[in-house]
Amino acid sequence: MFSLTLAGTRAALRAREFSARELATAYLAAIEALNPRLNAFVTITPELALRQAEAADAALARGEAGHLTGIPLAIKDLFCTAGVRTTAGSRILAPFVPPYESTVTSHLLRDGAVFLGKANLDEFAMGSSNMTSAFGPVTNPWTRRGSNARLVPGGSSGGSAAAVAARLALGATATDTGGSIRQPASFCGIAGIKPTYGRCSRWGIVAFASSLDQAGPLARTVEDCAILLTSMAGHDEKDSTSADRPVPDFAAACARSVKGLRIGVPTEYRSDGMSPEIEALWQRGLEWLREAGAEIVDVSLPHTKYGLATYYIVDPAEASSNLARYDGVRFGARTEGADLTDMYENTRAAGFGAEVTRRVLIGTYVLSAGYYDAYYLRAQKIRALILRDFTEVFRKVDALLTPTAPTAAFMQGERMDDPVTMYLNDVFTVPANMSGIPGLSVPAGLDGDGLPLGLQVLGKPFDEETVFAVGAALERAAGFSALPGIRAGMEQ
Amino acid sequence: MSLDPATVRRIAKLARIRIEESQLPQLERELNGILGWIEQLNEVNVEGVEPLTGGAQMALKLRDDVVTDGGISEQVLANAPDRVGDFYTVPKVVE
């Protein structure tokens, strides 16, 4: 049962090989057995899952199976779920039970999905390791060959990625502000796509950096991601930045040929100190696409090197504005104080962790009187130049191929001394957020320690279909079949 | 541009986050590390470039200015840390 993909499970459910209830029960048992080791879930919702599974079985019996009827998923704990605690990985939201459902999760429920629980994440999705969660770090189900050292699953969607990789869910919702879907996908040996900004509604997702945040799926295969995205996407009156355009059948695009496509290789991504293993995997990926009939073209994105520093102005600035709402008055945790200001300051000091505090302070500074032009306005202009680079390149090519992350998964506690060292993880993923374009990470190989590495496909705005076609071609050529040591369905 | 302890205190005050004196040296070091790294952006020529304000390359839609939701005060208040009837409570502001 655990070796089936989402697409395979869907077919088996429709063929009544097992019931949705049996499936949910098996996944819940696997979570119970393995979550103490992985900490991938902050909240597990067995009663809700079984109730949804029973409704799925009833729909299947009536022959009314929806797009995702009976499919067990993990929901990143940044998506508001009606009646189910939603923490954003923060102490300040620890008591928060939303009275409403996010648009993305309501789409998944509409299509019959079963929610197993809420997945752990970096606090307010700020991080690249899942080490900043107020609910403890997540352990990557992969380990280095011959070592038991606990590795990070990446972040911020670390719980979602670890749950999917360990086969504790068939797929998961995630969000990506600077790489938070793609980097954990790479670290955990699974697929994940950040669609074009506006493809999924942000309504009901705890806001972090609103001009960068975008929801997307994590799953074992490119096709599974495509199936999930078709459900998650779509226009929403409640999010004015959600795109009013039809949602294609993304899964159909996975079967498209890449013959004749032009694939760009951005020369600026060959950063100093790129590991030879990642460089070799990138070359292999280009070779696979060439063999599938694509044409490889060298291209230039001259402002690449400024992407990350620009991001670390825009992101904290928007975060400091968004997080102003956590004041201990309307929802969330409150710490009392002598007067109103005192109460605000105590509440926010007790409620926010170190990384969130750093970003709120940086954001407050770059937006403060006298510094706005030098930092924020300048960053927005450089952001325009980054977008212009992509716009010009996409006149010549259909998609770009790059590594997803500069390294494989690292150890828990590593890179914690200097915030900038942690930020460098996102060097290849941030430009897609700055420019709003879609990006997909595909598991493509293992490094010398036996850890997974991903390749990233970047595409034109709203052309996820080409991204899926290229990603599926890479997946077929790579034949990535390695599995992590910790996973459901094996002898424990 | 380098932040001194007084500036860190001022930013924390603006952000309404209590910072203890003992936290100041580390915060000052970390914030200066980040801001120092960001300074590389000064070498980019942005002359005549229009700022990009959002992630969406499209015009934002307008909707009709009508009430579409409401009458759910109990749901709205359900997560209040402290309340009296239909009101949120805060420490006394006016003597």
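Both faces of strand E4(A) are covered, with Gly171(A), Thr173(A) and Thr175(A) buried on one side and Ala172(A), Ala174(A) and Asp176(A) buried on the other. Here a residue is buried if 20 or more other C-beta atoms, placed from the backbone, lie within 10 Å of its own, exposed if 12 or fewer, and partly exposed in between. This is a predicted model, in which local features need pLDDT of at least 70 and side-chain atom pairs count only at pLDDT 80 or more, while totals for chains, interfaces and linings use all residues. Residues are numbered from 1 along each chain as its sequence is written, and chains are lettered from A in the order in which they are written.

- Strand E4 of chain A spans residues 171-176, and six of its six residues are buried; strands (E, at least two residues) and helices (H or I, at least four) are DSSP runs, numbered from the N terminus.
- In a regular strand the side chains alternate between the two faces of the sheet.
- Strand E2 (residues 72-76) of chain A runs parallel to E4(A) and is joined to it by two bridges, and Ala74(A) has Ala172(A) as its bridge partner in E4(A).
- Strand E6 (residues 214-219) of chain A runs antiparallel to E4(A), with six bridges joining them, and the partner of Thr175(A) in E6(A) is Ala215(A).

**Where chain A touches chain B**

- In chain A, 57 residues are in contact with 40 residues of chain B, contact being C-beta atoms, placed from the backbone, that lie within 7 Å.
- The largest share of the side of chain A that touches chain B comes from H13(A), which gives ten residues.

How values were computed: Two strands pair if DSSP finds at least two bridges between them. Two residues are in contact if their C-beta atoms, placed from the backbone, lie within 7 Å.
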